[in-house]
Amino acid sequence: MNAGVEGFSDFAGKVAQAAGRPTTFLLCLLVIIAWAVTGPIFGFSDTWQLIINTGTTIVTFLMVFLIQNTQNRDGAAIQAKLDELIRTRAAQNTFIGIENLTPDELSEIRNACEARAHAAMAADRAEAHANRRARQAADRATDV
C-alpha cells in the first residue's frame, strides 16, 4: 500500500510541476483557441460546447487532488523545517506541533504571542527613552 502512496505522490509532484510551466499554459491556450475556431464549423452546437465544458471539468477535478497532494507534502516539509529551527534555537519548543491544535487553541497562542510582542516593543521603547534621558543627564553633568 505504501508503494502506491509513494507512486501517487511522485506522479502528483510531476504533474503539479508540469502544470506550472509556461509550455503547459501555451498548450492549453492552443486547445482553447482550436476549440473556439471550430465553433463556426460545428455551428456552435450544444455538443461543441459540451466538449470543452466536460474536458475542462474533468481536468480541473483531477488537478485539485494532485495539487492538494503536493501542497500537503510541501506544507508538512515546511512545518518540519520550522520545527527543527524552533528546536535548535532559543525559541519555545512548545510551538512544535501546534498546527494540529484547534482554531480556538491556535487563536489563544497567537493572542499570547501578540501580547508578548507588544510588551517587548513597549519595553524597548521604555529602554530607549531611559537611555536618552541618561545621555541627556550625562551631557548636562559634563557641561557644568
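**Entry 1: Asn2.** I began with the accessibility of Asn2. Asn2 comes out at 52% relative accessibility, so I log Asn2 as exposed; the cut-off for that class is over 50%. I note that the model is predicted. I then placed Asn2 and found it in helix H1. Next I took a distance from Asn2 to Cys113. The two residues are 111 apart along the chain, and their C-alpha atoms lie 39 Å from each other.

Entry 2: Is Leu26 buried, partly exposed or exposed? I get 46% relative accessibility for Leu26, so Leu26 goes down as partly exposed. Exposed would need over 50%, and buried would need under 20%. I find Leu26 in helix H2, which covers residues 22-37. I also find Leu26 in a nonpolar surface patch of about 590 Å².

**Entry 3: the largest pocket.** I looked up the volume of the largest pocket and got about 320 Å³. I count 14 residues in the lining, and those closest to the pocket centre are Thr24, Cys28, Val59, Thr60 and Met63. Which elements give two or more residues to this lining? I list helix H1 (2-19), H2 and helix H3 (46-88). H3 gives the most, with 6 residues. I then sorted the lining by class. I have 10 nonpolar and 4 polar residues, and no charged ones.

**Entry 4: cross-check.** I went back over the helices. H1 holds Asn2, and H1 is also among the elements that line the largest pocket. H2 holds Leu26, and H2 too is on the list for that lining.

Technical notes: Residues numbered from 1 in each chain as written. Predicted model: local features only at pLDDT ≥ 70, side-chain atom pairs only at ≥ 80, totals over all residues. Heavy atoms only, no water. Patch = residues over 30% accessible without salt bridge, like charges linked within 9 Å, V, L, I, M, F, W, Y side chains within 5 Å. Areas by Shrake-Rupley, 256 points an atom, 1.4 Å probe, with all protein chains shown as cover. Salt bridge = Lys/Arg side-chain N within 4 Å of Asp/Glu carboxyl O. Helix = DSSP H or I, 4+ residues; strand = E, 2+ residues; numbered from the N terminus. Buried < 20%, exposed > 50% of the residue type's maximum accessible area, 1.4 Å probe, protein only. 1 Å grid on protein atoms, 1.4 Å probe; cavity = no way out; pocket = protein on both sides within 12 Å on 5 of 7 lines; lining within 4 Å. Points joined across faces, edges and corners; volume = space filled by probe spheres on them. Nonpolar A, V, L, I, M, F, W, Y, C, P; charged D, E, K, R; others polar.
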